[in-house]
Amino acid sequence: MLTNLTLKNKAEVRKIARLIRSNINICEISRDIVEQIKKEDFYKNSKNILAYYPFGDEVDITNLFSDETKNWYLPRLEFKTKKLKFYKYKSDDFLEKNEFGIFEPAIDKEKLILAKTDLIIIPALAVDMQGIRLGYGAGFYDRFLIGLKHNTCKITAIPEQLVCEKLPADSWDMPVNYIVSQNKAYFIKK
């Protein structure tokens, strides 16, 4: 955990988080996090899951996509509107790179109907014990989360080394319900 650091602003946290992430075994940690997610009731009880395709040294959750008892959806970034739209995905579907080099589903796939969403797995650079996650700064996920139904379970999959006691936050930051690390799943009390 990053609990001993005095973190003044999001830019400072992003810099430290990237440094930490570049110095850990993300492949091994990713395997452990995927196994932890599979054990949790929020996963077992979910049918329609929004996820992400890992970029760079993000936690790799792609082993989950082979679970054919679930309907998987991956995001496409709409740069002009700064919105995310999720499209159905199967583990053997073709993905194309966007202008940032992030893999996305083809636009001709079935688009998600938000009312069907049970669970969303959100990437993060760091997260705190209040469920506030720190992304890359564009706000795509925070804007998207506002439109989800209230009972949709929101989790972030992140190495234990990037879980903080408290992060700098803004009023628009949307908290998650669970933090899943390689060690355990933390429930965030509201």
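**View 1. Strands E6 and E9 run side by side.** Strand E9 (residues 153-157) lies parallel to E6, joined to E6 by four bridges. Strands here are DSSP runs of E with at least two residues, numbered from the N terminus. Two strands count as paired if DSSP finds at least two bridges between them. Leucine 119 has cysteine 153 in E9 as its bridge partner. The model is predicted: local features need pLDDT of at least 70, side-chain atom pairs count only at pLDDT 80 or more, and totals for chains, interfaces and linings use all residues. Residues are numbered from 1 along each chain as its sequence is written, and side-chain values use heavy atoms, with hydrogens and water left out.

**View 2. Strand E6 is covered on both faces.** E6 spans residues 119-122. Leu119 and Ile121 are buried on one side. Ile120 and Ile122 are buried on the other. Buried means under 20% relative accessible area (1.4 Å probe, protein chains only).

**View 3. Strand E1 pairs with E6.** E1 covers residues 48-50. Two bridges link E1 and E6 in the parallel sense. Leucine 50 has isoleucine 120 of E6 as its bridge partner.

**View 4. Seven strands build an open sheet.** The order is E3-E2-E1-E6-E9-E11-E12, with mixed pairing. Strands E3 (83-89) and E12 (185-187) are the edges, each pairing on one side only. Neighbouring strands of this sheet are turned by 25° against each other on average, direction ignored. Axes are lines fitted to C-alpha atoms, and angles run from 0 to 180 degrees between N-to-C directions.

**View 5. Strands E11 and E12 pair in the antiparallel sense.** Three bridges join E12 to E11 (residues 178-180). Isoleucine 179 stands opposite tyrosine 186 in E12.

Definitions and conventions: Buried < 20%, exposed > 50% of the residue type's maximum accessible area, 1.4 Å probe, protein only.
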